[in-house]
Amino acid sequence: MQTSRRAFLKRFGSGLTASALIPSLGLPPRMTFALSDIPAVTDPTIHFLNRITYGPLPEEVDRARQLGIEAYLDEQLHPEQIDDLDMDRRLIELPILKMDRRTVHRLDGREYRAYIALTTGMVMRAVYSKRQLFERVVEFWTDHFNVPSAELGPDVVVMQREAIRRHALGNFRDLIFGTAQSPAMLYYLDQTFSDKEHPNENYARELMELHTLGVDGGYTETDVKEMARALTGWTVHDGTRTGFYFDPTRHDTEEKTLLGHSLPSGRGIEDGLHALSLVVTHPATARFICHKLCIRFVSDQPPASLVESATAVWMQNDGAVLPVLRHILLSSEFAASVGQKLRRPLDFFIGALRSTGTEFREFWVMEALLQDLAQVPYSWNPPNGYPDQASAWMSSAGLLARWNTAMELTHRAHSESDTGMSTHLIELIGTPQTAGELVDSAARRVFGVPILGDARAHFVTYLTGDGSAESPVTPHMLANKLGTLFGLMLASPQYQWR
Amino acid sequence: MKPLLNRRSFLKGMTGAAAVGISKSIFPAWMPRLAFRQPDQNPGDVLVAVFLRGGIDGLSAIVPFGEGAHYYDARPTIAVAEPGTGVGAALDLNGYFGMHPSLAPLVDIYQSGGLAVVHATGSTDPSRSHFDAMQFMEYGTPGDKTGGTGWIGRHLQSTAWQNDSPFRAVGMGAMLPSSLRGPVAPLALRSIADFHLKGREGELRRAEQILAQLYAIDAPSTPLDTQAKLVFDTVDMLKTLDSTAYQPANGAAYPTDEYGFGLGLQQIAQLIKAGVGLEVACIDLGGWDTHENQGTHDGYFADLLSVLGKGLAAFYTDLQDHMKGISIVTMSEFGRRVVENASQGTDHGHGNFMFLMGGGTQGSQVYTRWPTLAPEVLNDGDLAITTDYRDVLVEIIMHRLKNPSIDQIFPGFSHTPLGLVVPR
């Protein structure tokens with residue numbers, strides 16, 4: 001217990017950014033962004049891929065065009081049927097991710113190893129997995145059930161695998177029951193310290209406010225206290241297989257009233273199970289989660305019509321995630337939301353790695369870049385998860401960090417392990433004959449399609465000085481300008497939106 | 001896997017390697033020189049707003065030892081002892097309240113009139129949610145989160161004077177606090193020393209030109225363009241400041257804490273001294289959500305509190321010669337419950353304290369309409385709020401920042417004068 005103390009207490013500090021904490025929901029409805037010159041606006045396939053992948057690579061564009069959006073979505077919605085052998089092979093380097101709780105806790109240096117494996121694993125999966133939508137959904141729930149890994153890493157490894165990845169496309173009930181009984185969550189939100197004499201309200205409050213009903217979900221301060229009482233006795237014991245343990249001696253057996261329902265006296269663990277069921281099945285929860293899914297996958301201010309229809313699908317399917325997601329991604333509101341999401345720093349970073357084929361040889365090189373961007377996976381300290389809306393991320397320091405990261409990843413065009421990463425941009429562009437073709441090849445890697453208009457002209461100008469798009473590709477261009485061309489594309493305003 | 005020790009030497013190595021191929025922005029001559037309008041004479045104080053995120057325990061920071069049993073019985077393991085009872089005792093302020101010993105660096109400033117404490121204050125909305133309470137406080141509209149702009153953002157919007165400096169409003173950190181939201185684009189600044197554009201040697205100048213065109217910085221039309229222009233303007237101005245050589249005045253010693261609080265304050269001080277048009281700076285110190293093992297005169301809370309005390313004292317000392325034109329205010333989304341919990345910590349509460357520092361402060365006082373900690377007057381178990389935090393802010397805005405547009409900054413709020421500051 002003692003080892004995780006600082007993790008709890010630093011929840012609102014931030015080793016990472018020492019920065020502002022901005023709520024991820026309920027942000028200003030009036031703040032809308034006029035978008036300029038979004039290159040792929042007219043292409044529904046690229047729009048779709050921009051949302052369900054971490055940046056469309058040419059093979060994904062081809063596959064989606066070949067199958068059509070709906071069939072491609074259904075393929076992605078059944079990740080277990082997608083062959084991902086290459087990914088599995090890469091993950092062999094991170095064996096801790098597969099270990100059970102007892103094994104993890106026997107490892108030397110487990111906190112440090114867990115932190116590295118979680119961070120690396122998240123980035124690797126997002127970059128290389130063919131199950132792109134699945135990884136996007138996992139990221140959504142990871143934010144939703146945020147537990148920072150700094151000192152709870154070993155237990156986060158287990159929660160991530162057993163509660164989140166296992167149920168990401170399953171039923172919401174399992175996500176709640178799984179996280180509620182995960183030592184990572186029980187420690188992080190102080191549930192382990194709660195007992196009938198002094199119920200600790202931390203988990204009870206965040207469960208209702210952040211995980212289920214939402215802050216406007218109609219519960220009261222009394223409900224928070226009653227929920228905390230119902231959950232007394234839910235704690236961690238290293239003697240059990242999962243670490244979860246119900247301690248009847250610490251449980252408050254008196255009657256409770258929660259959300260207008262009576263929880264009778266004289267019960268044990270059933271109290272907590274009953275209480276969780278009440279919030280899981282509450283209509284406010286359906287609405288809250290659907291709204292949040294729409295913010296993640298559609299737009300920062302999603303149309304009310306879509307939130308309504310998604311909520312209806314949720315209720316009809318008793319909180320099954322898959323049909324709700326399918327509904328959202330095939331909706332007309334989704335189709336109309338082109339370019340309305342600002343890439344979060346992690347979206348930007350992972351997309352850049354995919355586009356440039358960058359591989360890291362040193363964890364610390366990658367970590368330093370993620371720290372500059374202020375979004376290291378599993379390192380957001382408060383329980384609300386990294387913000388999801390543009391207003392939280394749009395800042396001068398954040399933009400400069402993106403520009404410098406783009407240049408850092410690309411300026412050598414060709415690099416090997418002495419820099420801690422490797423890049424071979426020349427291998428990604430085919431054999432363009434003219435400056436215009438070179439810009440188009442690079443754009444295909446970065447945006448999924450060639451881009452048009454002023455932006456293309458600016459990139460051509462960069463390559464040729466005063467020359468035209470028909471100027472021939474020169475050895476000088478390839479040797480000295482190719483990296484910065486990619487860097488400029490990644491740094492462009494067009495790339496920041498998806 | 002490389003051992004941890006390698007990290008520092010590795011990064012050092014990387015810097016060396018990177019220097020071969022990457023160079024820093026050299027401020028190209030083609031860029032229009034910055035010519036921003038600043039007010040001819042500073043019409044009001046520079047405001048420094050410190051947000052203590054997570055809900056600081058105001059009953060441990062500013063100890064109501066005069067409450068006797070109501071305080072000490074409620075907190076058998078975490079109370080701070082009465083003044084004069086030896087090591088770890090509170091430092092007496094006025095015979096009823098005392099400062100936590102970690103705040104010792106602030107006691108002299110309090111005694112000499114440069115600091116006032118307001119107690120039993122806060123945002124009147126009853127929410128005990130961090131996220132709602134912060135939003136209400138930073139929007140300046142308790143109970144209403146529909147406005148979308150922050151109180152400082154509306155202040156900047158409603159001033160009678162113009163100031164186009166990119167440093168007009170600065171948030172220290174990668175992300176900006178909600179209080180700064182509004183039509184005046186604030187600058188997010190983490191490090192003066194690192195605020196440069198980097199790129200491939202020989203290509204950087206061209207790359208900058210292209211970036212400036214892509215973001216249309218000559219005529220920014222989107223919020224992202226505006227941020228880009230801010231970056232260019234800021235890089236251009238910061239070249240004149242050598243932050244590595246900064247020497248605090250008067251022997252001030254900023255803490256070197258892991259939260260970056262000391263460094264952030266030092267950079268604000270540097271901007272103030274440089275006269276770059278700074279009007280408002282926001283800085284956070286988090287880590288206050290002490291649900292367990294918060295400690296008493298030592299321990300986790302005490303350590304964090306000493307970062308606050310040392311930081312503010314260093315800032316005050318460093319800027320002594322400028323302090324008559326600076327107002328510093330601290331706030332936190334809520335206080336903590338009077339009764340400690342089973343984990344030697346405290347749960348979310350309500351009323352709290354604020355600090356007010358600077359030249360205009362009517363210091364040496366604990367301003368409060370103290371509701372007491374008697375169980376029957378508590379607000380749902382917590383310290384009641386008898387002074388709306390907006391009343392404190394209005395005094396600063398009207399009398400020190402010289403902005404009378406209170407109805408725009410706090411719509412529908414009617415101000416009760418407190419007499420906390422001397423008009424500028």
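Biologist: At what angle do H25(A) and H7(B) pack?

Modeller: About 25 degrees, with the axes of H25 (residues 475-491, chain A) and H7 (residues 204-214, chain B) 11 Å apart. Axes are lines fitted to C-alpha atoms over the stretch in contact, and angles run from 0 to 180 degrees between N-to-C directions. That makes H25(A) roughly parallel to H7(B); the cut-offs are under 35 degrees for roughly parallel, over 145 for roughly antiparallel, 65 to 115 for roughly perpendicular, and oblique for the rest.

Biologist: Which residues make the contact?

Modeller: A:Thr484, A:Leu488 and A:Ala491 from H25(A), with B:Ala207, B:Ile210 and B:Leu211 from H7(B). Contact means C-beta atoms, placed from the backbone, within 7 Å. By class, the contact of H25(A) with H7(B) has 5 nonpolar, 1 polar and no charged residues. Ala, Val, Leu, Ile, Met, Phe, Trp, Tyr, Cys and Pro count as nonpolar, Asp, Glu, Lys and Arg as charged, and the others, Gly among them, as polar.

Biologist: What sort of model and numbering is this?

Modeller: It's a predicted model: local features need pLDDT of at least 70, side-chain atom pairs count only at 80 or more, and totals for chains, interfaces and linings use all residues. Residues are numbered from 1 along each chain as its sequence is written, with chains lettered from A and ligands numbered from 1 in the order written.

Biologist: Back to helices. How do H16(A) and H17(A) cross?

Modeller: At roughly 155 degrees, and the axes of H16(A) (residues 304-316) and H17(A) (residues 321-329) come within 9 Å. H16(A) and H17(A) are therefore roughly antiparallel. Residues meeting there include A:Trp314 in H16(A) and A:His327 in H17(A).

Biologist: And in what order do the strands of the S5-S7-S6 sheet pair, parallel or antiparallel?

Modeller: Antiparallel, in an open sheet of 3 strands in chain A; pairing takes at least two DSSP bridges. S5(A) (359-360) and S6(A) (414-415) stand at the edges with a single partner strand each, so one side of each has no neighbour in the sheet. A:Glu359 stands opposite A:Ser422 in S7(A).

Biologist: How many helices and strands in chain B?

Modeller: 12 helices and 14 strands.

Technical notes:
Helix = DSSP H or I, 4+ residues; strand = E, 2+ residues; numbered from the N terminus. Contact = placed C-beta atoms within 7 Å.
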